[in-house]
Amino acid sequence: MDDDCCYRPCESIGCPDGWAEDTTTGTFYEYKVLKDRERNWYDSRAECQRAGGDLASIKTSEEWQFVKGLLPNHDVWLGGSDAEEEGNWVWTDGSPVTFSVWYQTGTGRIHNCIAVRSERWYDNECSLNRYAVCKIPA
Ligand SMILES: [Ca+2]
């Protein structure tokens, strides 16, 4: 339960669509979907970093509910990878992937990055081009 206690979409307090607050830390984040064009996972990450954030990590079901609502009907990268150690999924901030909504994993060494399709996650080749979602601290 504690994992789900502390997350608040912030339209209600007057910040823009696509923003939310982690109320545990009081940090506001902008979730920005990169849909100007498709990029591979690494280029997507670089683009998010240029914007001052990183590819999105999804820590709780509440956060996923929020982010899911922002996504277009198109394959999208998230900031999770098991490229360092097969089967050991970590977010770009180094934290382990604990919450997840996989519908497919386990395709091994060539599929090392988390993508979203139809509101579920799958692992795919990081070199493929997709939209992406950045998570940018305000
Ligand atoms: Ca893998």
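Val76 sits in strand β5 (residues 76-81) and stands opposite Tyr131 in β10. Strands here are DSSP runs of E with at least two residues, helices are runs of H or I with at least four, and both are numbered from the N terminus. Two strands count as paired if DSSP finds at least two bridges between them. This is a predicted model, in which local features need pLDDT of at least 70 and side-chain atom pairs count only at pLDDT 80 or more, while totals for chains, interfaces and linings use all residues. Residues are numbered from 1 along each chain as its sequence is written.

| Partner of β5 | Sense | Bridges | Facing residues |
|---|---|---|---|
| β8 (residues 113-117) | antiparallel | three | Ser81 and Cys113 |
| β10 (residues 130-137) | parallel | two | Val76 and Tyr131 |
| β6 (residues 90-91) | antiparallel | two | Gly80 and Trp91 |

β5 is also well tucked away: six of its six residues are buried. Buried means that 20 or more other C-beta atoms, placed from the backbone, lie within 10 Å of the residue's own; 12 or fewer makes it exposed, and anything in between partly exposed. In a regular strand, side chains alternate between the two faces of the sheet. For β5, one side holds Val76, Leu78 and Gly80, the other holds Trp77, Gly79 and Ser81, and both are covered.

Now for helix α2 (residues 61-68), whose buried residues are Glu63, Trp64, Phe66 and Val67. They span an arc of only 160° around the axis, so they lie on the same side of α2; the arc is taken from the directions from the helix axis to the C-beta atoms. Among the elements covering them are β1 (7-9), β2 (19-22), β3 (27-39) and β10.

The largest nonpolar core has 26 residues, and Ala56, Trp77, Leu78, Ala132 and Val133 have the most contacts inside it. Such a core is a set of buried Ala, Val, Leu, Ile, Met, Phe, Trp, Tyr and Cys residues joined through C-beta atoms within 7 Å. β3, α1 (41-50), α2, β5, β8 and β10 each give two or more residues to this core. Leaving aside neighbours within four places in sequence, Val133 is in contact (C-beta atoms, placed from the backbone, within 7 Å) with Tyr31, Val33, Ala56, Val67, Leu71, Val76 and Leu78.

Stepping back, the protein chain has two helices and 10 strands, and buried residues make up 32% of its 138 residues. Its C-alpha trace spans about 45 × 35 × 25 Å along the principal axes.

How values were computed: Contact = placed C-beta atoms within 7 Å.
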